[in-house]
Amino acid sequence: SMNHAQKARELFLSGCSCSQAVFAAFADDFGMDQDTALRLASSFGGGMGGMRETCGAVSGMLMVAGLKWGYSEVGNLDIKTAHYARVRKLIDSFKAEHTTIVCRELLAHLGELKKDPSARTAEYYKVRPCVMFVETAARLLDEMAAQKEK
């Protein structure tokens, strides 16, 4: 069976945004239908609506982390603190591999990027390393899950 990184890769290559690819790769795990997952993650592509801020793969990763390990007991500072530590660990791990979580910095080599989405041509996939970011984000979640099971 496909692991989440492979699934995220396939979703991205089928036209999903970076955030949708990561988040929707885990939808089944939460009994969430694909349509809802794609809608929920749809605002975060291109570094939040093409603004080139936080990488969408990272946003997708953190949304998954929230569903997996997040809290709803809002008054509990210990639980909140523990979750923020997990969030930082995921971000630090992503940075260790790609130096930054900022879309425009990750794609700096491409020069000035427009805010509106580009057509998914062979050229698009050739120059953008985003598929790699999507795979990293999904893999880091699986690695954290494996650590937590130990």
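What covers the buried residues of H9? In this predicted model, the cover includes helix H1 (4–13), helix H2 (18–25), helix H5 (56–69), helix H6 (77–98) and helix H7 (103–106). The views below take up helix H9, one of its residues and one of its packing partners.

**View A. Helix H9 and its buried residues.** Helix H9 has 20 residues, and from its first C-alpha to its last it reaches 29 Å, which is close to the 28 Å expected at 1.5 Å a residue. The buried residues of H9 are Cys 130, Val 131, Phe 133, Val 134, Thr 136, Ala 137, Ala 138, Leu 140, Leu 141, Met 144 and Ala 145.

View B. When residues up to four places away in sequence are not counted, Thr 136 touches Phe 94, Glu 97 and His 98.

**View C. The packing of H5 against H9.** The two helices, H5 and H9, pack at an angle of about 25° with their axes 8 Å apart; because angles under 35 degrees count as roughly parallel, H5 and H9 are described as roughly parallel to each other. H5 passes H9 in a right-handed crossing. On the H5 side, the contact is made by Ala 57, Met 61, Val 64, Ala 65, Lys 68 and Trp 69, while H9 contributes Phe 133, Val 134, Ala 137, Leu 140, Leu 141, Met 144, Ala 145 and Lys 148. The residues of this contact of H5 with H9 divide into 12 nonpolar, no polar and 2 charged.

Terms used: Residues numbered from 1 in each chain as written. Predicted model: local features only at pLDDT ≥ 70, side-chain atom pairs only at ≥ 80, totals over all residues. Heavy atoms only, no water. Contact = heavy atoms within 4.5 Å. Helix = DSSP H or I, 4+ residues; strand = E, 2+ residues; numbered from the N terminus. Expected span 1.5 Å × (residues − 1). Buried < 20%, exposed > 50% of the residue type's maximum accessible area, 1.4 Å probe, protein only. Axes fitted to C-alpha atoms, helices over the stretch in contact; angles between N-to-C directions. Parallel < 35°, antiparallel > 145°, perpendicular 65-115°, else oblique. Left-handed = near helix turned anticlockwise from the far one by under 90°. Nonpolar A, V, L, I, M, F, W, Y, C, P; charged D, E, K, R; others polar.
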